[in-house]
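Thank you all for coming. Please take a moment to look at the sequence and the model on the screen, and then I will walk you through it.

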Amino acid sequence: MDGPDRAQERLQARAPEMELIREAQGGSRAAFDALVRQYEQQVLRLALHLTGSEHDAEDIYQEAFLKAFRYIGNFRFECSFYTWIYRIVTNLCLDQLRRRKTRREDQAVLVDHSGDEIDLLASVSDNRSFSNPDRELDRKVLGERIQAALGKLTPRERMVFELKHYQGLRLRTIGEMLNTTEETAKNTLFRATKKLRTQLAGLR
Amino acid sequence: MRLEGRYTMNCEVAHERIVLAAYGELSDEQIHELDRHLTTCNECREEREQLQALKTLSSAYPVVEANANLVARSRMRLEDALDAIPPKRWYERWGDGVLNNFARLQAAPAAATLLLVAGMGAGSLGGYEYAQAREAHVAGRAPQTIAPMAAPIPADPTDVANISSIVQQPNSEKIEVRYNAVVPREIQGSLDDPSIRQLLMMASEDGTSPGIRDDSVGLLAAECRAGHSCNAAGIRDALMVALRYDRNAGVREKALKGLEPYVAQDVRVRDAVLEALLNDSDPHIRSEAITLLEPVEADMTVRQVLSTVATSDQNPQIRNVSRQVLRRVPEFQ
């Protein structure tokens, strides 16, 4: 069990942010702006990668920080501010993902010059496509195919995969942010990876 | 005879573990267990390769940092939106503060009880004695012995504003609790003093005592009628809030009188008075409101409200007066 010293240390490290938050709760716009600057890069990074669009990312940024501004009075320090902000952002992103229809008709399956389907996963396993720039499998095209495959996941699966694979968060944190358990986040991750592999291996 | 454990991993579990391992979510022991399974199972080894391939493939759509333009654009747009939001009224912030404190106070009586209960093992004043002894030690003087009879229980929950720390002494039943007490204070000053004004405004919303609200609203209203700076620090707002929400008619009436000089120049005040005319339960106040609206009798909105009141007010005198006012002023074209 942590002694009171360790707890004190952690408190010191978080103290400046806590002060900022308290000031912002008291109405200080300057303090709120400072908080925005601390988190805006991460928020944009996440929103950009999830939506694939600068315009959408900007919208999410706007809504997220306006929400944070409106509700910062409710923040009671039971979780970290980071988790709190991310919870807001992920919820907005989930809404965004749900609103989108399957816009793209692209398949995650590529066809080579002879009309045969290419098993992307197999090629990657062979390491051929990445090392040889002459191949038809151009990195940009690959990127689009990945996006398409990601687009076929349910919003929650997409979100969990994003937070785990691309943002590197722990499953326990992901559970907190999505207001669910670590166990549920785990199972969602399993479903997501399974689906993605099915998509990219050329099966339907 | 196989000496490997009673537990051999089945492939379904292994598949899940493979995913977790790929994302750093397994303990060292679990990793070791998984590796053991993979040495003997071809299918699962292939499964792992597939997952690695997926991870590699996914990196073809990398996470990128937002470029400086996007950040700047987003920030500017946010700042504009925030600028457009009116700053929280003092009473809204005060309300938030009260709610936050209330949430903390709800926990405090529980914590105070904890002190009493936890100390019981060593005698209910054990904790208190320990704290005293420590304080004395720190101050370099000999600890006073306190006869258990004479010492009061230090923490009466109603005196406790909040608890700032609870520390359990290792290997003992004693718990040290630091708390802040509610301290009644007094301040004297004139109405020009901003602290006095602030307190008056807070008092105008003091739910417990109509007498206090009456005094404070009366003072604030007098300020406004005298033409002293009534714009500053939301005094006008405080009066409007009192007019709209106070349960005591005397207080509402004082607030109404305080707003009189501003009916003509401030449309919010005019609307607040119109609302009082339509909704106030006290006929005396409604009739006062009509008098106050004299300078703006010709306003379309005012006339509309007067028409409504002329037909639907419960009080016949008020209906009468409204009709008279409407007849007096030709319709504004």
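Before anything else, one term is needed: two residues are said to be in contact if their C-beta atoms, placed from the backbone, lie within 7 Å. What we have here is a predicted model, and I would ask you to keep that in mind throughout.

Let me begin with chain B, where contacts with a separation of 6 or more come to 53% from residues 24 or more positions apart. Chain B has 14 helices and 2 strands, and of its 333 residues, 23% count as buried.

Two pairs of helices in chain B deserve a careful look. In one of them, helix 9, residues 235–245, packs with helix 11, residues 267–279, at an angle of about 10°, and their axes are 10 Å apart. Angles under 35 degrees count as roughly parallel, and therefore helix 9 and helix 11 of chain B are roughly parallel to each other. Helix 9 of chain B makes this contact through B:R236, B:M240, B:L243 and B:R244, while helix 11 of chain B brings B:V269, B:A272, B:E275 and B:A276. Sorted by class, the contact of helix 9 with helix 11 of chain B has 5 nonpolar residues, 3 charged ones and no polar ones.

In the other pair, helix 12, residues 283–292, and helix 14, residues 316–328, of chain B pack at an angle of about 5°, with their axes 10 Å apart, which makes helix 12 of chain B roughly parallel to helix 14 of chain B. Here the contact is made by B:P283, B:R286, B:S287 and B:I290 from helix 12 of chain B, together with B:I318, B:V321, B:S322 and B:V325 from helix 14 of chain B. These residues divide into 5 nonpolar, 2 polar and 1 charged.

Now to the place where the chains meet. How many residues of chain A are in contact with chain B? There are 38 of them, and they are in contact with 33 residues of chain B. Helix 2 of chain A gives the most to the side that touches chain B, with 8 residues, and the residues of that side of chain A divide into 19 nonpolar, 10 polar and 9 charged.

Let us stay with helix 2 of chain A, which has a kink of about 45° centred on A:Y39. Several of the residues in helix 2 of chain A are buried, among them A:F32, A:L35, A:V43 and A:A47. In soluble globular proteins, nonpolar side chains tend to be buried together. In this model, the largest nonpolar core has 56 residues, and A:A47 and A:V89 are among the members that touch the most others. The largest share of this core, 9 residues, comes from helix 2 of chain A. If we leave aside neighbours within four places in sequence, A:V89 is in contact with A:V43, A:L46, A:A47, A:I60 and A:A64. A second, separate core of 31 residues includes B:A255, B:L259, B:A272 and B:A276.

Let me finish with A:G52, which follows helix 2 of chain A and has a positive phi, near 70°. Its place is in the loop between helix 2 and helix 3 of chain A. Is A:G52 buried or partly exposed? A:G52 is partly exposed, because it has 15 other C-beta atoms within 10 Å, whereas a buried residue needs 20 or more. Although A:G52 and A:Q147 are 95 residues apart in sequence, they are 8.3 Å apart in space, C-alpha to C-alpha.

Terms used
Residues are numbered from 1 along each chain as its sequence is written. Chains are lettered from A and ligands numbered from 1 in the order in which they are written. This is a predicted model: local features need pLDDT of at least 70, side-chain atom pairs count only at pLDDT 80 or more; totals for chains, interfaces and linings use all residues. Helices (H or I, at least four residues) and strands (E, at least two) are DSSP runs, numbered from the N terminus. Ala, Val, Leu, Ile, Met, Phe, Trp, Tyr, Cys and Pro count as nonpolar, Asp, Glu, Lys and Arg as charged, and the others, Gly among them, as polar. A residue is buried if 20 or more other C-beta atoms lie within 10 Å of its own, exposed if 12 or fewer, and partly exposed in between; C-beta atoms are placed from the backbone. Axes are lines fitted to C-alpha atoms, for helices over the stretch in contact, and angles run from 0 to 180 degrees between N-to-C directions. Angles under 35 degrees count as roughly parallel, over 145 as roughly antiparallel, 65 to 115 as roughly perpendicular and the rest as oblique. The bend at a residue is the angle between axes fitted to the seven residues ending there and the seven starting there. A nonpolar core is a set of buried Ala, Val, Leu, Ile, Met, Phe, Trp, Tyr and Cys residues joined through C-beta atoms within 7 Å.
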